[in-house]
Amino acid sequence: MDQLHLNVRNTASSVGLDKQGRERDLGRGFRSKKLQSPPKCRKIRKLRILQCNINGLCTPSSRVKLDKILELASKHQVSIIALQETKLNTRHRLRVKGYNIVRQDRSSNGGGGLMFLIRDVYFQRIDRINSPRKSLESQGITVLSRKHNNNINIFNLYHPPNNQKLDLDALEGLFTNATVLLGDLNAKHTAWGCALENNRGQDLENLSNDKAFLFLNNGTHTYRSHSYNTTDALDLTISSPDLFPYCSWKVVDYVGSDHYPILIELDYDIKTYGNNNIYWNFKKANWTLFEKNLNEQLQKNPITENLENEWFVFKHSIFTAAEGAVPRGKHKKTRPAFTNDSQDLQKLLAKREHLLQSHNLNDNTDARIELNKINAEIKRSIVL
């Protein structure tokens, strides 16, 4: 009986991982013919993204890492999880309750692989970038905003630690307005906390400067080598200048990979499933658009016995019509004007000046990391 309880506990994970031929001791989770619907909508004040180089999801132990990632996502109310180095291929089938999964598996040579896990927000896939160099892997989604033409583009990137240079021509096309680039490009530069620089890091730094993009990294190490017991800042998050003032960034709890997860918050107005906290003035709604959208959705999703599916279709059409309406009692939020003589900024400038005078940054890694953190705080104070 104790062994039976143990088997049930091991298969009751929120993750179900299947593979043809079934690897030994690899749990399948509970089977269900019904499509799992997203969990009940919670009030989302910020768009939270969790990024991590998971370093493999195709072994029995990897399920534990994904479970920990999902626990972090639940703890921090994360809507989007971006993973690199999933090492999955087309033979692996992954199901995660409550999440939409967008995968990009490497077709050959093993390793690599990208994946988005998405819940609570409306999104669209972005076509893959065309790169003649197969080492650069990328996938993208657009998160729909409540405001027209203010959707957020999120690109998940990975480049293995080989001798190839970054495909700057392909990457340049991703540096657009309202965009967040994240992932592991194995690019090193002191600007985001690395002790050394490589050619890939210098190229990425120059491209970001040319496009006026800003690194959210504050100098904290995101990678630890278990073999050499060394640390580095390999996982990057880069934001367009229009999103930077709304972003925050921090490294969170260890999950078992040699890379640490990173939590990004965007204080931005996005579309969520069934937001009951906004009361729309439907006198200004576009009901013609509602009828058109409802017919289109029903053609894509015919009437079935699954009432959850019909309810989702109806809600999506209602929300589309309500885009022409005006929220009641809602006022545009204003940001305070920046003042260069503020006390907080003066303290940061004084702290940075003291650090520059009292430490030799070339020989002191901790002081260099502290300087990067101070510079990141100063940027947040200046950029509006």
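**Figure 1. Thr 222 in the loop between strands E11 and E12.** In this predicted model, Thr 222 is found in the loop that runs between strand E11 (214-215) and strand E12 (223-224); helices (H or I, at least four residues) and strands (E, at least two) are DSSP runs, numbered from the N terminus. Thr 222 counts as buried because its relative accessibility is 0%, where buried means under 20% relative accessible area, exposed over 50%, and partly exposed in between (1.4 Å probe, protein chains only). Setting aside residues up to four places away in sequence, Thr 222 touches Asp 232, Ala 233, Leu 234, Asp 235, Trp 249, Val 251, Asp 258, His 259, Tyr 260 and Ile 262. A contact here means heavy atoms within 4.5 Å.

Figure 2. His 259 is found in the loop between E15 and E16, and it counts as buried because its relative accessibility is 3%. Its contacts, not counting residues up to four places away in sequence, are Cys 52, Asn 53, Asp 184, Thr 222, Tyr 223, Leu 234 and Asp 235. Along the chain, His 259 and Asp 184 are 75 residues apart, yet their C-alpha atoms are 9.5 Å apart in space. Gly 256 is found in the loop between strand E15 (247-251) and strand E16 (262-266). Gly 256 counts as partly exposed because its relative accessible area is 35%.

**Figure 3. Asn 156 in strand E9.** Asn 156 lies in strand E9 (residues 152-158). Is this residue buried or exposed? Asn 156 counts as buried, because its relative accessibility is 0%. Leaving aside neighbours within four places in sequence, Asn 156 is in contact with Ala 82, Leu 83, Gln 84, Leu 114, Met 115, Phe 116, Glu 137, Ser 138, Gln 139 and Leu 182. For Gln 139, 17 residues away along the chain, the C-alpha separation from Asn 156 is 5.3 Å.

Figure 4. A cavity is, on a 1 Å grid over the protein atoms alone, a set of points where a 1.4 Å probe fits but cannot get out, and lining residues have an atom within 4 Å of a point. By this rule there are 2 cavities of 30 Å³ or more. Which residues line the largest cavity? The lining is made of Leu 157, Leu 181, Leu 182, Gly 183, Leu 185, Leu 204, Leu 236 and Ile 238. Strand E10 (179-184) and strand E14 (235-239) each supply at least two of the lining residues, and E10 gives the largest share, 3 residues. By type, the lining has 7 nonpolar residues, 1 polar and no charged; Ala, Val, Leu, Ile, Met, Phe, Trp, Tyr, Cys and Pro count as nonpolar, Asp, Glu, Lys and Arg as charged, and the others, Gly among them, as polar.

Figure 5. Helix H2 (residues 62-75) has 14 residues and reaches 20 Å from its first C-alpha to its last, close to the 20 Å expected at 1.5 Å a residue; the expected span is 1.5 Å times one less than the number of residues. Its buried residues are Ser 62, Arg 63, Lys 65, Leu 66, Asp 67, Ile 69, Leu 70, Leu 72 and Ala 73. Just after H2, Gln 77 takes a positive phi of about 55°, although Gln 77 is not a glycine. Gln 77 sits in the loop between H2 and strand E3 (80-84), and it counts as partly exposed because its relative accessibility is 33%.

How values were computed
Residues numbered from 1 in each chain as written. Predicted model: local features only at pLDDT ≥ 70, side-chain atom pairs only at ≥ 80, totals over all residues. Heavy atoms only, no water. 1 Å grid on protein atoms, 1.4 Å probe; cavity = no way out; pocket = protein on both sides within 12 Å on 5 of 7 lines; lining within 4 Å. Points joined across faces, edges and corners; volume = space filled by probe spheres on them.
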